[in-house]
Amino acid sequence: MSEELFTPQTHPLIFSEPARLSNVRSWQEHIPFAFYLISVCQPRVLVELGTHYGDSYCAFCQACTALQLTGRYYAVDTWQGDPQAGLYGGEVLAELRAHHDVRYGHFSELIQSTFDDAQTRFADGSIDVLHIDGLHTYEAVKHDFETWLPKLSDCGIVLFHDTAERRDDFGVYHYWAELQGRYPHFEFLHGHGLGVLAVGKMVPPALQRLFQASASEQESIRAFFARQGIRFTAAAELAEREAQLSRLNNDYQQLTGQTQQLYEEYQKLTDYCQQLTEQQHELGEQLRQSNQHLTSIVESHGWKFLQGAWSLRRKIAPPATMRGNLLRATLKAAVISKQVGFKGVLKRAPLALDRAWRARKVINESGDSYAVWLAKHEPTKRELREQKIRAAGFRYQPLISLVMPTYNTPVAMLKAALESVVAQTYDNWELCVADGASTSPELRELLQVWAHKDERIKLKFLAENQGISGNSNDALALARGEWIALLDHDDELAPHALFEYVKLLNEDSTIDVFYSDEDKLDEQGARCEPFFKPDWSPEYFRSVMYVGHLLCFRRSLLEAAGGFEARYDGVQDFELMLRLSERTAHIKHVPKLLYHWRKLPGSIAQDGQAKANISELQRAAVNAHLARLGLPAQAELASPHHRLRMVPELQAQAAKVSIIIPTKDAPDFLERCLGSIYEHSSYPNFEVVLVDNDTTDPRALALMEKFPVKRVPSPGKFNFSRANNLGVQHASGEYLLFLNNDTEVITPDWLEQMVYYSAQPDVGGVGALLLFSDRTVQHAGIILGPRGTADHVMRGFSLDNEGYAGSLLCAHEVTGVTAACLMMKRGDFELAGGFSEHYQTHYQDVDLCLKMRAAGKRIIFTPRAQLLHHESKTRKAYYDWVDRILLLDSWQDEFERGDPYYNQNFDPAKTDYSRCA
Amino acid sequence: MQMRNVLFAIDRDFSSNSAIHVHALANELCAQGLHCVVAVPQNKETVAQLGERRYEPMNFGEVGQLRKLFPNGAGPDVVHSWTPREIVRKFCDGLQKRFQFKLFIHLEDNEEYLLEKIYLHNNVSAVPELVRVPESLSHPVRYRDFLRRATGVTVIIEKLKEFASASTPSLTLWPGVDTEFFAPREASAELRGKVLLPPGHTVIVYTGNVHQANAKEVRSLYLAVALLNREGQPTCLVRTGTDYCDFLDGQSDWVKPFVRELGQVPREQIPDILALADLFVQPGRADRFNEYRFPSKLPEFLAMGKPVILPNANIAHALEHARHAWVVERADGVHITEAVQHLRAAPELAARVGAGGLEFAHTRLSWPKQAALLRDFYLAA
């Protein structure tokens with residue numbers, strides 16, 4: 001091929017990259033020739049018939065721009081497709097415009113039209129280059145050529161695409177064959193074929209040479225352009241492959257992620273299996289030891305003697321017989337009568353029988369299921385390992401001094417306690433042990449060995465036993481830590497106990513005191529009887545020593561409050577906690593089982609009544625606490641299980657209470673309600689405001705005359721919130737008591753009890769114990785969670801039940817109480833804006849209580865104020881969904897956090913303190 | 001270094017809200033003389049729905065072709081990662097092996113909150129480094145490293161600067177709004193008829209999908225509509241968008257009669273639908289999610305010249321209550337209800353607030369101005 005014939009180096013544009021390569025590749029291999037053609041023809045007017053995605057047309061335009069030519073270019077297409085290319089929507093043109101207009105819009109135009117309609121826009125003899133790439137049937141191509149031929153100029157060139165395509169009804173090749181005899185021409189065979197036809201008299205010289213080339217020269221030219229063109233389709237295919245590869249890579253990554261997740265689950269299951277296996281081994285070992293022990297007992301003389309005695313007893317009073325049970329009960333009664341006298345025994349007998357039955361039931365029901373529950377809820381070995389890593393990265397890693405007084409501790413138990421300390425996933429602790437002159441040399445040796453092994457264990461052997469408080473104070477004297485935690489010598493810590501506390505301190509530095517949930521270790525060392533506690537509840541704590549373990553507090557707080565007081569030995573940690581709580585409200589409950597309390601014969605863990613003077617010490621500690629706080633009440637024993645009740649002192653000036661009762665007709669309810677208020681209430685200063693919603697019943701109207709009530713008319717559609725708000729406007733009392741007309745007062749001092757709690761500045765509302773007519777619990781406080789919103793806790797419980805840890809016997813903090821009987825200070829009510837009148841049917845009381853809590857106030861439930869609530873046990877069918885969503889919407893955070901006084905380990909769908917699944 | 005080529009990388013395709021912002025900025029930067037490419041993980045063809053563009057779209061998998069997309073055949077001078085989420089972070093890490101460029105990272109959400117809310121609550125690991133997260137979220141540790149490596153950080157709202165290092169240059173880049181496309185107009189009577197809006201009803205329009213992160217907020221709006229009707233203010237809510245979660249807990253009889261759900265509608269129809277509204281509501285409250293975002297619909301609401309009720313969070317701190325918008329402490333069911341009742345009872349006030357919002361949109365939410373700020377930030381960083 002001579003230089004004169006074809007000189008690509010003089011047309012460097014041929015080697016340029018096209019700016020546009022769509023996914024339709026049929027024309028892309030001809031782009032180098034398009035660049036060449038524009039370079040040698042420099043058309044004044046170029047028209048393309050059939051543009052579709054515009055790869056060919058944009059190549060012409062790109063060349064025009066690159067060569068800085070001054071032509072006018074036109075693309076004609078309906079951009080709706082045809083049967084051969086397929087039909088498509090406006091997105092193709094839109095996408096082309098986005099590319100084209102900004103680059104070539106100043107000299108080029110996209111004409112959305114049929115070819116025939118468009119040709120009228122062009123003068124005859126005006127077009128230098130025409131590219132026909134529309135419908136490719138023989139008839140269509142012939143028609144296009146013949147229609148547009150007059151428009152071509154003297155140097156006109158026509159391009160035909162798809163000249164090598166013979167499939168289906170493609171007929172360009174056929175028409176191209178007919179034209180070859182009439183005009184100078186050249187044909188490329190790659191890229192579906194492209195025919196170049198010179199229809200003008202003045203063929204551009206470069207093309208003239210192309211048309212006149214020999215067969216071999218033509219072959220070389222074809223090969224050259226085919227090689228140049230294939231670069232683009234190959235590149236596009238490569239890009240497509242890369243995209244495909246990327247997609248496959250993504251899929252692979254996803255699968256890898258899933259595999260990893262599955263692997264992690266597998267690891268967890270493996271850990272769990274391992275745990276079970278270890279438990280099995282431990283149980284096996286315990287069984288073996290027990291068997292040995294049993295054998296030694298059975299072979300002893302004492303055992304043989306006892307066998308004889310029991311054999312005799314079996315003959316006289318066989319077990320499970322009337323005589324046997326009588327003998328057993330008599331022996332137990334004799335023991336109890338020493339403490340409370342014969343009358344006390346008689347009084348307790350029914351309760352004791354009921355408790356015995358319940359205890360048996362609980363053991364039967366929970367037994368093994370607790371072990372399963374623990375396996376599900378406690379951290380796995382892997383999680384404990386991760387805790388160690390995380391703890392090392394904590395910003396704040398305070399030294400925690402674990403204080404442990406010892407005295408004649410069984411060596412095995414002390415060893416278990418020490419092991420539980422050393423196993424902590426948080427490292428920065430010290431164990432301060434003060435031994436009260438134990439007589440056991442093994443114990444002393446054990447402590448010394450462990451102190452030698454781990455320098456974090458500090459020992460002090462006291463000259464004499466100073467009692468639990470004295471020994472504890474000596475252990476405290478060893479402590480250097482910023483934080484103090486109390487550990488009894490025979491108990492055990494969970495391995496993550498300290499980690500959980502320090503983790504929280506890293507999130508909230510204001511915490512001063514921690515306590516956790518706890519459970520017990522039975523005589524075989526198995527865990528049992530979990531105690532899931534509420535968040536800090538000072539009122540509850542005054543009645544029930546619920547805080548217990550694992551108590552941990554700032555040393556500075558202890559120093560301010562003073563150490564343990566020996567006169568409270570037995571309840572020394574409870575008494576200390578009372579004093580700590582007088583100095584801080586930043587008391588954090590961690591709802592995790594971080595402490596295992598060992599049940600030993602004679603311990604309170606084993607038997608709540610094991611230590612006779614405990615209740616008296618407890619009462620004394622609480623009375624001292626009440627006096628320090630200036631609360632006008634005295635603590636009295638409420639039950640033998642160390643439960644106290646507060647008895648308000650009589651006040652010289654009783655503040656006025658306004659009892660607000662919305663009502664309509666219902667004379668029977670109204671008579672019972674008003675009658676009980678006026679006949680039973682011992683409180684000297686109250687008024688009753690009846691908010692009357694259009695009563696017409698003559699009996700009800702007569703009752704409103706009979707009793708000295710203030711009647712406030714409230715006509716129209718009844719709205720509970722509006723009625724009560726209206727009642728408040730007409731009330732003159734310092735305290736407001738909202739009451740339903742279907743209630744009936746039982747306890748004469750109900751108002752005294754409620755006023756006592758309401759008067760405390762940080763109490764925002766007080767609710768009463770409401771009973772169904774059959775004397776089962778209708779209301780004992782409201783918890784968030786059940787039924788997706790809120791419900792009455794312990795609903796349906798029997799009144800002789802103490803409730804969970806005394807919660808039905810003792811006043812305590814709750815999230816809300818029902819407005820069927822709710823007392824508030826008038827000032828608090830007004831600050832909260834009263835009852836929200838957006839509620840129509842339900843939840844206005846929960847909303848009001850939550851507003852109080854948001855203002856930092858406590859809500860108290862007291863079982864000492866009792867009323868009957870003559871409400872049906874069956875729930876009403878109507879349910880107001882707008883009120884439901886309104887409550888959930890207004891208190892999103894509270895619902896997300898869960899009820900602070902109903903431990904998260906309880907089933908939130910239930911109200912009976914049953915453990916969650 | 002001469003700065004010509006800018007590559008934006010976003011974490012979803014062009015149908016996402018982020019893509020609308022990037023589309024507008026990239027177009028403006030091109031108009032201001034830069035060359036832009038916008039890379040998406042896949043489905044680059046979805047760019048067609050955004051209208052005219054001056055930039056080139058690409059899929060992440062086409063990185064081999066990147067040079068061809070810039071007219072000068074060179075690589076990117078600036079890569080703007082439009083989120084630090086894993087899918088984009090990994091893409092940018094890959095780019096750094098091929099090209100030299102300045103890395104900028106854009107923040108438009110509290111990534112840590114989303115991670116916690118969507119993923120970590122049931123994928124707890126005590127050690128953040130060991131957490132495996134899906135590519136659609138940010139990694140708790142790696143995203144912070146990524147931010148540290150950036151030449152500059154842009155944030156959609158000032159408060160997000162908390163997550164950037166103090167030594168890294170940063171720029172607050174509010175979204176803009178096309179005030180010719182979103183402009184006040186008469187409500188179409190024909191459209192009112194089609195949507196079945198009864199006469200005399202207050203109309204609230206809310207355009208947007210419902211997903212886990214905003215489910216409770218949209219529920220607040222539905223609740224307000226139910227409360228308004230219950231309390232004697234006949235009100236209809238016109239909704240567009242898709243529900244990706246059941247935010248009404250399977251029970252919607254209480255509100256369905258007052259809601260017209262139109263589903264996904266083409267973007268060009270949105271202004272006419274917005275024009276049906278008597279007022280707009282952006283539900284929500286100041287919390288760890290809302291304080292760190294700029295609700296994407298707000299500029300469009302403001303540009304329609306009707307009053308906008310919104311919570312005292314994020315952009316509300318820059319709006320004057322009762323002048324540009326009606327700012328409530330928290331836009332929950334009760335507060336929305338009371339605000340609507342108040343504005344409907346005071347039509348002059350409502351008109352004034354609507355006009356103030358429009359003025360704010362025109363003066364403070366301009367794409368060309370934001371693009372100029374961004375270009376200067378690139379050059380200065």
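This is a predicted model: local features need pLDDT of at least 70, side-chain atom pairs count only at pLDDT 80 or more; totals for chains, interfaces and linings use all residues.

In which loop of chain A does A:Ser836 lie?

Analyst: A:Ser836 sits in the loop of chain A that runs between α24 (826-831) and α25 (844-854). This serine counts as buried, because its relative accessible area is 12%, below the 20% cut-off. Setting aside neighbours within four places in sequence, the contacts of A:Ser836 are A:Ser721, A:Gln844, A:Asp847 and A:Lys851.

For some surroundings, here is a pair of helices elsewhere in chain A. Helix α11 (residues 381-392) and helix α15 (residues 497-507), both of chain A, have axes that come within 11 Å and cross at roughly 40 degrees. That angle is why α11(A) is described as oblique to α15(A). The crossing of these two, α11(A) and α15(A), is left-handed. On the α11(A) side, A:Gln387, A:Arg390 and A:Ala391 take part, meeting A:Phe499, A:Glu500 and A:Lys503 of α15(A). Sorted by class, this contact between α11(A) and α15(A) brings together 3 charged, 2 nonpolar and 1 polar residues.

As for confidence, the predictor assigns the complex an ipTM of 0.89 and a pTM of 0.70. Chain B has an average pLDDT of 92, with 97% of its residues scoring at least 70. Within chain B, the lowest confidence falls in helix α4 (residues 111-119), with a mean of 82, while the highest is in strand β11 (residues 279-281), at 98.

How values were computed. Residues are numbered from 1 along each chain as its sequence is written. Chains are lettered from A and ligands numbered from 1 in the order in which they are written. Side-chain values use heavy atoms; hydrogens and water are left out. Axes are lines fitted to C-alpha atoms, for helices over the stretch in contact, and angles run from 0 to 180 degrees between N-to-C directions. Helices (H or I, at least four residues) and strands (E, at least two) are DSSP runs, numbered from the N terminus. Angles under 35 degrees count as roughly parallel, over 145 as roughly antiparallel, 65 to 115 as roughly perpendicular and the rest as oblique. A crossing is left-handed if the near helix is turned anticlockwise from the far one by less than a right angle, and right-handed if clockwise. Contact means heavy atoms within 4.5 Å. Ala, Val, Leu, Ile, Met, Phe, Trp, Tyr, Cys and Pro count as nonpolar, Asp, Glu, Lys and Arg as charged, and the others, Gly among them, as polar. pLDDT is the predictor's confidence in each residue, from 0 to 100. Buried means under 20% relative accessible area, exposed over 50%, partly exposed in between (1.4 Å probe, protein chains only).
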